[in-house]
Amino acid sequence: MEQTALRPKPMPGQESGGDRASGTPRRPHAAPPRRGKRLTTLLFAVFVGTVLVLSGIGLGTVGATVIG
């Protein structure tokens, strides 16, 4: 039985491509970004930013009331 763990790996850029079919194109490693997830993240960031600004205004109002 072949011991695959002891087989040396090829240098980057010099892969032989023996494990792929000859007509199969090479697939990139990273998946393309999803627009729906990006939009959800943007909306969530805007919501969190708004909450932080409003809470800062509320704390400033309470602080001014306590001092005054």
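The protein chain exposes about 7,000 Å², and carbon and sulfur atoms supply 66% of that area (Shrake-Rupley method, 1.4 Å probe; for residues, only the protein chains shown count as cover). This is a predicted model, in which local features need pLDDT of at least 70, side-chain atom pairs count only at pLDDT 80 or more, and totals for chains, interfaces and linings use all residues. Residues are numbered from 1 along each chain as its sequence is written, and side-chain values use heavy atoms, with hydrogens and water left out.

**Helix**
- The protein chain has 1 helix and 0 strands (DSSP runs numbered from the N terminus: H or I of at least four residues for helices, E of at least two for strands).

**Exposure**
- Of the 68 residues in the protein chain, 0% are buried (under 20% relative accessible area; exposed is over 50%, partly exposed in between; 1.4 Å probe, protein chains only).
- Phe47 is in helix H1 and counts as exposed because its relative accessibility is 52%.
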